[in-house]
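Student: I am new to this structure and would be grateful for a close look at a single part of it. Could you please take me through the aromatic rings and how they pair?

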Amino acid sequence: MASQSLFKWRHFLPEIIVLNVRWYCRYPLSYRDLEEMMAERGVEVDHSTIHRWVLSYAPELDKRVRPHLNLKNDSWRVDETYIEVKGEWKYLYRAVDSMGNTLNFMLSASRDGKAAARFFHNVLKATHTQTPRVITVDKNAAYPVAIEALKADETLAAQTELRQSKYLNNVIEQDHRNTKRLTKPMMGFGSFNTARRTLRGIEAMSMIRKGQVKGISQGDRFCRQNFRKHYLQC
């Protein structure tokens, strides 16, 4: 998708759109916060417009970042956290390696063996992951069921060790904090699709922040022009 078609019919410069999407997915801001921040910079944009930008471009950000991710190690930490959608709790499955680098994520309406197996499939098919040597999970009974099913159909190697230890899973439990910090000002999502699309942008920005993207080190500061050039253009 060329830049011209990506921003076609938008009444604002691509730089302004990308800036708002990046800020919303990176910092704990509400849409009204961004509306006020833009007004201080002489740009009149309604918060509902920024909302539409995030839903359109957050998934695009995730899609364009993934080919540039560095390969991660074979020790996985898997856990799920709660996300509020229309007043109900849904489940965000997340996986990181032993160094805290994001492997993959998946929003699910259920928390059972089938959902866990579906998530493991998503992690395994990611281009920046490799077959796990060990998978560390908590005491959730759904994980052993999912692992046995994956080993039975040879999706997962038979020698992969499943380790149920809450203490060893502190790496991902701490990593949940960044996601929860960003979703707190949102005060819940209006629909499952809205949550799914927004979380893709949040997780993509988290991977960039951690230094998982080739050419960007952890803690690097990069201008919005370079961000747009590398991740929202072909």
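Tutor: In this predicted model, a search of the whole structure finds seven aromatic pairs. A pair of aromatic rings is described by the distance of the centres and the angle of the planes. One of the pairs joins tyrosine 82 and tryptophan 89: the ring centres are 6.1 Å apart and the planes meet at 70 degrees, so this pair is edge-to-face. Planes over 60 degrees apart count as edge-to-face. Tyrosine 82 is partly exposed, its relative accessible area being 41%, while tryptophan 89, with 51%, is exposed.

Another pair is formed by tyrosine 93 and phenylalanine 119. Here the centres lie 5.7 Å apart and the planes are at 35 degrees, so the pair is classed as tilted. Tyrosine 93 belongs to strand 2 (residues 88-97) and phenylalanine 119 to helix 5, so the pair ties together parts that are 26 residues apart in sequence. Tyrosine 93 counts as buried, with a relative accessibility of 0%. Phenylalanine 119 is likewise buried, and its relative accessible area is 0%. As buried means under 20% relative accessible area, both assignments follow from these values.

Methods. Residues numbered from 1 in each chain as written. Predicted model: local features only at pLDDT ≥ 70, side-chain atom pairs only at ≥ 80, totals over all residues. Heavy atoms only, no water. Phe/Tyr/Trp six-rings, centres within 6.5 Å; stacked < 30°, edge-to-face > 60°. Buried < 20%, exposed > 50% of the residue type's maximum accessible area, 1.4 Å probe, protein only. Helix = DSSP H or I, 4+ residues; strand = E, 2+ residues; numbered from the N terminus.
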